[in-house]
Amino acid sequence: MRIDLHTHSTRSDGTDTPTELVRAAKAAGLDGVALTDHDATEGWDEAQRAADEVGIRLVRGIEVSTTFHGSSVHLLGYDFDPAYEPLVEELGRVLGGRTQRLPRLLDKLAEHGMPLTEQEVLAVAGDAAAWGRPHVADAMIAKGYIKDRDEAFRDWLVPGKPAYVGRYSADLFEAVRLLREAGGKPVIAHAWARDSRDKVTAEVFAELAQAGLAGIEVDHPDHDERDRADLADIAKQLDLVRTGSSDYHGTGKGPEFHLGANTTDPEQLERLLS
Ligand code: AMP
Ligand code: ZN
Ligand code: FE
Ligand code: FE
(Lines give C-alpha, C1' and ligand atoms only; values in the text may rest on other atoms or scores of the structure.)
(Ligands and ions follow the chains in the order given, each with its own letter.)
Protein backbone atom coordinates (compact mmCIF):
# COMPACT_ATOMS: atom_id res chain seq x y z
CA MET A 1 0.00 0.00 0.00
CA ARG A 2 1.42 3.36 -1.06
CA ILE A 3 -0.18 6.47 0.38
CA ASP A 4 0.98 10.06 -0.19
CA LEU A 5 -0.45 12.44 2.42
CA HIS A 6 0.48 15.93 1.15
CA THR A 7 -0.30 17.33 -2.32
CA HIS A 8 -1.55 20.57 -3.88
CA SER A 9 -3.96 21.24 -6.74
CA THR A 10 -4.95 24.33 -8.73
CA ARG A 11 -7.27 25.19 -5.83
CA SER A 12 -4.08 26.55 -4.22
CA ASP A 13 -0.66 26.71 -5.88
CA GLY A 14 -0.40 23.30 -7.58
CA THR A 15 -0.67 23.03 -11.36
CA ASP A 16 -2.94 19.93 -11.64
CA THR A 17 -6.70 20.25 -11.16
CA PRO A 18 -7.98 17.99 -8.36
CA THR A 19 -9.12 15.51 -11.05
CA GLU A 20 -5.75 15.53 -12.82
CA LEU A 21 -3.97 15.16 -9.50
CA VAL A 22 -6.00 12.11 -8.46
CA ARG A 23 -5.53 10.50 -11.89
CA ALA A 24 -1.79 11.20 -11.71
CA ALA A 25 -1.70 9.60 -8.25
CA LYS A 26 -3.35 6.48 -9.66
CA ALA A 27 -0.92 6.43 -12.59
CA ALA A 28 1.98 6.74 -10.13
CA GLY A 29 0.83 3.50 -8.51
CA LEU A 30 -0.52 5.08 -5.33
CA ASP A 31 -3.36 3.40 -3.39
CA GLY A 32 -4.24 6.59 -1.56
CA VAL A 33 -3.59 10.31 -1.76
CA ALA A 34 -4.44 13.29 0.42
CA LEU A 35 -5.36 16.60 -1.14
CA THR A 36 -3.95 19.28 1.18
CA ASP A 37 -4.35 22.63 -0.52
CA HIS A 38 -3.18 25.72 1.34
CA ASP A 39 -5.87 27.14 3.63
CA ALA A 40 -8.72 25.75 1.49
CA THR A 41 -10.95 22.69 1.14
CA GLU A 42 -12.61 23.71 -2.14
CA GLY A 43 -10.97 20.87 -4.08
CA TRP A 44 -12.35 18.03 -1.94
CA ASP A 45 -15.55 17.28 -3.83
CA GLU A 46 -13.97 17.19 -7.26
CA ALA A 47 -11.08 15.08 -5.93
CA GLN A 48 -13.52 12.64 -4.32
CA ARG A 49 -15.43 12.19 -7.59
CA ALA A 50 -12.17 11.48 -9.42
CA ALA A 51 -11.02 9.09 -6.68
CA ASP A 52 -14.29 7.13 -6.92
CA GLU A 53 -13.89 6.98 -10.70
CA VAL A 54 -10.34 5.63 -10.74
CA GLY A 55 -10.61 3.53 -7.59
CA ILE A 56 -8.14 5.16 -5.23
CA ARG A 57 -8.55 6.31 -1.65
CA LEU A 58 -8.84 10.06 -1.07
CA VAL A 59 -7.90 11.50 2.30
CA ARG A 60 -9.43 14.94 2.73
CA GLY A 61 -6.89 17.42 4.03
CA ILE A 62 -5.58 20.97 4.24
CA GLU A 63 -2.28 22.75 4.89
CA VAL A 64 -2.91 25.71 7.19
CA SER A 65 -0.53 28.70 7.24
CA THR A 66 0.40 29.30 10.88
CA THR A 67 3.00 31.20 12.89
CA PHE A 68 4.95 30.19 15.93
CA HIS A 69 7.14 32.85 17.62
CA GLY A 70 7.22 34.83 14.38
CA SER A 71 8.21 31.89 12.17
CA SER A 72 6.01 30.36 9.50
CA VAL A 73 4.92 26.79 10.32
CA HIS A 74 2.67 24.76 8.02
CA LEU A 75 0.09 22.58 9.73
CA LEU A 76 -1.58 19.73 7.86
CA GLY A 77 -5.06 18.72 8.97
CA TYR A 78 -6.96 15.59 7.92
CA ASP A 79 -10.55 14.41 7.89
CA PHE A 80 -12.28 17.31 9.62
CA ASP A 81 -15.63 19.06 9.24
CA PRO A 82 -15.00 21.76 6.62
CA ALA A 83 -18.09 23.65 7.81
CA TYR A 84 -17.00 24.00 11.46
CA GLU A 85 -17.65 27.71 11.86
CA PRO A 86 -14.71 28.84 14.06
CA LEU A 87 -12.30 27.10 11.67
CA VAL A 88 -14.04 28.57 8.61
CA GLU A 89 -13.70 32.04 10.19
CA GLU A 90 -10.00 31.60 10.92
CA LEU A 91 -9.32 30.30 7.39
CA GLY A 92 -11.24 33.34 6.12
CA ARG A 93 -8.79 35.59 7.97
CA VAL A 94 -5.83 33.73 6.50
CA LEU A 95 -7.26 33.94 2.96
CA GLY A 96 -8.01 37.63 3.55
CA GLY A 97 -4.37 38.17 4.50
CA ARG A 98 -3.31 36.62 1.19
CA THR A 99 -5.49 39.10 -0.72
CA GLN A 100 -4.52 42.13 1.36
CA ARG A 101 -0.84 41.52 0.73
CA LEU A 102 -1.15 41.76 -3.04
CA PRO A 103 -1.25 45.56 -3.63
CA ARG A 104 1.86 46.21 -1.51
CA LEU A 105 3.69 43.32 -3.11
CA LEU A 106 2.87 44.64 -6.59
CA ASP A 107 4.00 48.16 -5.57
CA LYS A 108 7.38 46.74 -4.59
CA LEU A 109 7.74 44.82 -7.84
CA ALA A 110 6.86 47.98 -9.78
CA GLU A 111 9.53 49.91 -7.86
CA HIS A 112 11.99 47.34 -9.17
CA GLY A 113 10.90 47.71 -12.77
CA MET A 114 8.52 44.73 -12.88
CA PRO A 115 5.02 46.18 -13.11
CA LEU A 116 2.15 43.70 -12.84
CA THR A 117 -1.55 44.29 -12.38
CA GLU A 118 -3.72 42.49 -9.86
CA GLN A 119 -5.72 41.12 -12.80
CA GLU A 120 -2.60 39.57 -14.30
CA VAL A 121 -1.86 37.72 -11.05
CA LEU A 122 -5.45 36.62 -10.53
CA ALA A 123 -5.59 35.41 -14.14
CA VAL A 124 -2.71 32.97 -13.62
CA ALA A 125 -4.24 31.96 -10.25
CA GLY A 126 -7.29 30.66 -12.16
CA ASP A 127 -9.76 28.94 -9.82
CA ALA A 128 -7.43 28.94 -6.82
CA ALA A 129 -9.19 29.57 -3.51
CA ALA A 130 -5.82 30.42 -1.97
CA TRP A 131 -3.50 32.40 -4.21
CA GLY A 132 0.12 32.75 -3.18
CA ARG A 133 3.60 33.84 -4.10
CA PRO A 134 3.90 31.01 -6.67
CA HIS A 135 1.11 32.73 -8.63
CA VAL A 136 2.94 36.06 -8.47
CA ALA A 137 6.00 34.18 -9.71
CA ASP A 138 3.99 32.72 -12.60
CA ALA A 139 2.79 36.20 -13.58
CA MET A 140 6.41 37.45 -13.45
CA ILE A 141 7.43 34.54 -15.70
CA ALA A 142 4.58 35.31 -18.14
CA LYS A 143 5.92 38.88 -18.41
CA GLY A 144 9.43 37.61 -19.06
CA TYR A 145 10.83 39.19 -15.86
CA ILE A 146 12.19 35.92 -14.47
CA LYS A 147 12.83 32.36 -15.67
CA ASP A 148 11.05 30.17 -13.12
CA ARG A 149 9.40 30.01 -9.65
CA ASP A 150 12.75 29.21 -8.07
CA GLU A 151 14.16 32.54 -9.23
CA ALA A 152 11.23 34.39 -7.65
CA PHE A 153 11.78 32.58 -4.34
CA ARG A 154 15.54 33.09 -4.49
CA ASP A 155 15.73 36.77 -5.45
CA TRP A 156 12.42 38.55 -4.82
CA LEU A 157 9.58 37.15 -2.75
CA VAL A 158 11.19 35.88 0.46
CA PRO A 159 12.13 37.69 3.70
CA GLY A 160 15.15 39.91 3.16
CA LYS A 161 14.48 40.26 -0.58
CA PRO A 162 13.01 43.39 -2.23
CA ALA A 163 9.43 42.28 -2.87
CA TYR A 164 8.66 40.34 0.31
CA VAL A 165 5.46 41.29 2.12
CA GLY A 166 4.28 39.37 5.20
CA ARG A 167 0.71 38.27 5.71
CA TYR A 168 -1.63 37.13 8.45
CA SER A 169 -1.31 33.48 9.57
CA ALA A 170 -3.14 31.54 12.27
CA ASP A 171 -1.47 30.96 15.62
CA LEU A 172 0.00 27.43 15.53
CA PHE A 173 -1.55 26.23 18.81
CA GLU A 174 -4.88 27.85 17.96
CA ALA A 175 -4.91 26.06 14.59
CA VAL A 176 -4.20 22.70 16.30
CA ARG A 177 -7.13 23.37 18.63
CA LEU A 178 -9.51 24.42 15.84
CA LEU A 179 -8.69 21.38 13.68
CA ARG A 180 -9.26 19.10 16.67
CA GLU A 181 -12.55 20.77 17.51
CA ALA A 182 -13.58 20.21 13.89
CA GLY A 183 -12.90 16.48 14.36
CA GLY A 184 -9.61 16.58 12.45
CA LYS A 185 -6.08 15.26 12.93
CA PRO A 186 -3.36 17.94 12.94
CA VAL A 187 0.10 16.99 11.65
CA ILE A 188 3.12 19.32 11.47
CA ALA A 189 4.22 19.62 7.83
CA HIS A 190 7.91 19.49 6.81
CA ALA A 191 8.78 20.36 10.41
CA TRP A 192 12.48 20.93 9.87
CA ALA A 193 12.52 22.17 6.30
CA ARG A 194 14.77 25.16 5.73
CA ASP A 195 15.70 26.77 9.07
CA SER A 196 13.02 25.37 11.38
CA ARG A 197 15.07 22.76 13.20
CA ASP A 198 15.96 25.20 15.97
CA LYS A 199 12.41 26.51 16.31
CA VAL A 200 10.14 23.49 16.42
CA THR A 201 12.24 21.63 18.99
CA ALA A 202 11.51 18.39 20.83
CA GLU A 203 10.12 20.51 23.71
CA VAL A 204 7.76 22.35 21.36
CA PHE A 205 6.59 19.02 19.91
CA ALA A 206 5.83 17.85 23.45
CA GLU A 207 3.69 20.95 24.06
CA LEU A 208 1.97 20.49 20.70
CA ALA A 209 1.23 16.84 21.51
CA GLN A 210 -0.39 18.02 24.76
CA ALA A 211 -2.42 20.53 22.75
CA GLY A 212 -3.75 17.84 20.39
CA LEU A 213 -1.14 17.32 17.67
CA ALA A 214 -1.63 13.89 16.08
CA GLY A 215 1.48 13.44 13.97
CA ILE A 216 4.71 14.65 12.39
CA GLU A 217 5.45 14.62 8.67
CA VAL A 218 8.83 12.93 9.05
CA ASP A 219 9.42 11.83 5.46
CA HIS A 220 9.40 14.89 3.20
CA PRO A 221 11.73 15.83 0.30
CA ASP A 222 13.14 18.77 2.31
CA HIS A 223 14.30 16.51 5.19
CA ASP A 224 17.70 14.84 5.09
CA GLU A 225 18.48 11.48 6.73
CA ARG A 226 19.47 13.08 10.02
CA ASP A 227 16.27 15.18 10.20
CA ARG A 228 14.20 12.06 9.52
CA ALA A 229 15.97 9.96 12.14
CA ASP A 230 15.62 12.63 14.83
CA LEU A 231 12.01 13.47 13.97
CA ALA A 232 11.12 9.75 13.97
CA ASP A 233 12.60 9.49 17.48
CA ILE A 234 10.53 12.44 18.67
CA ALA A 235 7.36 10.97 17.13
CA LYS A 236 8.04 7.66 18.84
CA GLN A 237 8.69 9.20 22.24
CA LEU A 238 5.54 11.32 22.07
CA ASP A 239 3.40 8.56 20.58
CA LEU A 240 2.73 10.70 17.50
CA VAL A 241 1.99 9.25 14.07
CA ARG A 242 4.81 9.36 11.50
CA THR A 243 3.71 10.41 8.02
CA GLY A 244 5.48 10.57 4.67
CA SER A 245 4.54 12.62 1.63
CA SER A 246 5.74 14.31 -1.53
CA ASP A 247 4.30 17.86 -1.20
CA TYR A 248 3.57 17.52 -4.92
CA HIS A 249 2.70 20.80 -6.73
CA GLY A 250 2.52 19.46 -10.30
CA THR A 251 5.09 21.36 -12.41
CA GLY A 252 5.14 24.11 -9.75
CA LYS A 253 7.96 22.46 -7.83
CA GLY A 254 10.98 20.36 -8.78
CA PRO A 255 11.05 16.65 -9.69
CA GLU A 256 12.08 15.65 -6.17
CA PHE A 257 8.51 16.48 -5.13
CA HIS A 258 6.97 13.85 -7.47
CA LEU A 259 3.86 11.92 -6.36
CA GLY A 260 4.89 9.09 -4.05
CA ALA A 261 8.34 10.61 -3.41
CA ASN A 262 7.66 9.57 0.19
CA THR A 263 4.76 7.50 1.45
CA THR A 264 2.98 6.82 4.72
CA ASP A 265 2.86 3.37 6.30
CA PRO A 266 -0.78 2.13 6.12
CA GLU A 267 -0.73 1.28 9.83
CA GLN A 268 0.31 4.81 10.64
CA LEU A 269 -2.54 6.15 8.49
CA GLU A 270 -5.09 3.98 10.27
CA ARG A 271 -3.76 5.15 13.62
CA LEU A 272 -3.95 8.75 12.44
CA LEU A 273 -7.55 8.50 11.26
CA SER A 274 -8.87 6.23 14.02
P1 AMP B 1 2.68 31.64 0.08
O2 AMP B 1 1.53 30.66 0.03
O3 AMP B 1 2.42 32.89 -0.66
O4 AMP B 1 3.19 31.87 1.47
O5 AMP B 1 3.86 30.93 -0.71
C6 AMP B 1 4.44 29.76 -0.16
C7 AMP B 1 4.34 28.62 -1.16
O8 AMP B 1 5.36 28.76 -2.09
C9 AMP B 1 4.50 27.25 -0.54
O10 AMP B 1 3.42 26.45 -0.90
C11 AMP B 1 5.69 26.63 -1.16
O12 AMP B 1 5.44 25.29 -1.54
C13 AMP B 1 5.92 27.48 -2.38
N14 AMP B 1 7.34 27.62 -2.64
C15 AMP B 1 8.32 27.94 -1.77
N16 AMP B 1 9.52 27.97 -2.39
C17 AMP B 1 9.30 27.65 -3.68
C18 AMP B 1 10.12 27.51 -4.83
N19 AMP B 1 11.44 27.72 -4.77
N20 AMP B 1 9.54 27.15 -6.00
C21 AMP B 1 8.21 26.96 -6.07
N22 AMP B 1 7.38 27.07 -5.02
C23 AMP B 1 7.92 27.42 -3.85
ZN1 ZN C 1 2.38 25.39 -2.02
FE1 FE D 1 4.20 23.71 3.20
FE1 FE E 1 2.61 21.88 0.88
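Is His190 buried or exposed, and what is its relative accessibility?

Modeller: His190 counts as buried, at 8% relative accessibility. "Buried" here is under 20% relative accessible area, with exposed over 50% and partly exposed in between (1.4 Å probe, protein chains only). Before we go on: this is a predicted model, where local features need pLDDT of at least 70 and side-chain atom pairs count only at pLDDT 80 or more, while totals for chains, interfaces and linings use all residues. Residues are numbered from 1 along each chain as written, chains are lettered from A and ligands numbered from 1 in the order written, and side-chain values use heavy atoms, leaving out hydrogens and water.

Now, the iron ion (ligand 3): its protein donors are Glu63 (OE), His74 (ND1) and His190 (NE2), 2.1 to 2.2 Å away. Donors are N, O and S atoms within 2.8 Å of the metal (3.2 Å for Na, K and Ca), and sites may look incomplete because water is not among the atoms. Along the chain, the iron donors are spaced E-x10-H-x115-H. Glu63 sits in strand E3 (residues 57–68) and His190 in the loop between strand E6 (185–188) and helix H8 (202–211), so this pair ties together parts 127 residues apart in sequence. Helices (H or I, at least four residues) and strands (E, at least two) are DSSP runs, numbered from the N terminus. Glu63 is buried too, at 1% relative accessible area.

The iron ion (ligand 3) and the zinc ion (ligand 2) are 5.8 Å apart.
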